[in-house]
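Morning, everyone. Please look at the screen while I talk.

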Amino acid sequence: MTFKDILLEENVGGFDLFLRALIGSVATIALAMDLVETYPWNWLVALVALAGLFTAMTRHCTPYHYLGINTAKNNYSSPISSSVR
């Protein structure tokens, strides 16, 4: 498996996807409203916002790949996708 295949693999879905998008959005709003003012905490909240929104948009989490976790539903067994192949 190449590095490109690893990065294009969707392994985030369902409730996990919703939770990542929600936490990333709340963290972004907290930063925009200046609710986090102290120096080390604002960078930590910014990192959480970036990671949450990025993994929600790409539906890929690299640590999930290496740990073998996949919360995305694979529709490979549906008749429509098998007839397309």
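I'll go from the overall fold to one pair of side chains.

First, a caution: this is a predicted model. Now the fold. The chain has five helices and zero strands. Walk along the sequence and the pattern reads α-α-α-α-α.

Next, the contacts. Which residues do they join? Take those between residues at least 6 apart in sequence. Of these, 79% join residues at least 24 apart.

Now burial and surface. The chain has 85 residues, and 24% of them count as buried. The accessible surface of the chain is about 6600 Å². Carbon and sulfur atoms account for 70% of that surface.

Let's zoom in on charged side chains. How many salt bridges are there? The count is one. Asp16 pairs with Arg20. Their closest N and O atoms are 3.2 Å apart. That falls inside the cut-off, because a salt bridge here needs the nitrogen within 4 Å of the carboxyl oxygen.

Where do the two partners sit? Find helix 2, residues 15-32. Asp16 and Arg20 are four residues apart in that helix, so about one helical turn separates them.

One more point on this pair. Are Asp16 and Arg20 buried or exposed? The cut-off for buried is under 20% relative accessible area. Asp16 has 15% relative accessibility, so Asp16 counts as buried. Arg20 has 16%, so Arg20 counts as buried too.

To recap: five helices, zero strands, and one salt bridge, formed by Asp16 and Arg20. Thanks. Over to you.

Methods. Residues are numbered from 1 along each chain as its sequence is written. This is a predicted model: local features need pLDDT of at least 70, side-chain atom pairs count only at pLDDT 80 or more; totals for chains, interfaces and linings use all residues. Side-chain values use heavy atoms; hydrogens and water are left out. Helices (H or I, at least four residues) and strands (E, at least two) are DSSP runs, numbered from the N terminus. Buried means under 20% relative accessible area, exposed over 50%, partly exposed in between (1.4 Å probe, protein chains only). Contact means heavy atoms within 4.5 Å. Accessible areas come from the Shrake-Rupley method with a 1.4 Å probe; for residues, only the protein chains shown count as cover.
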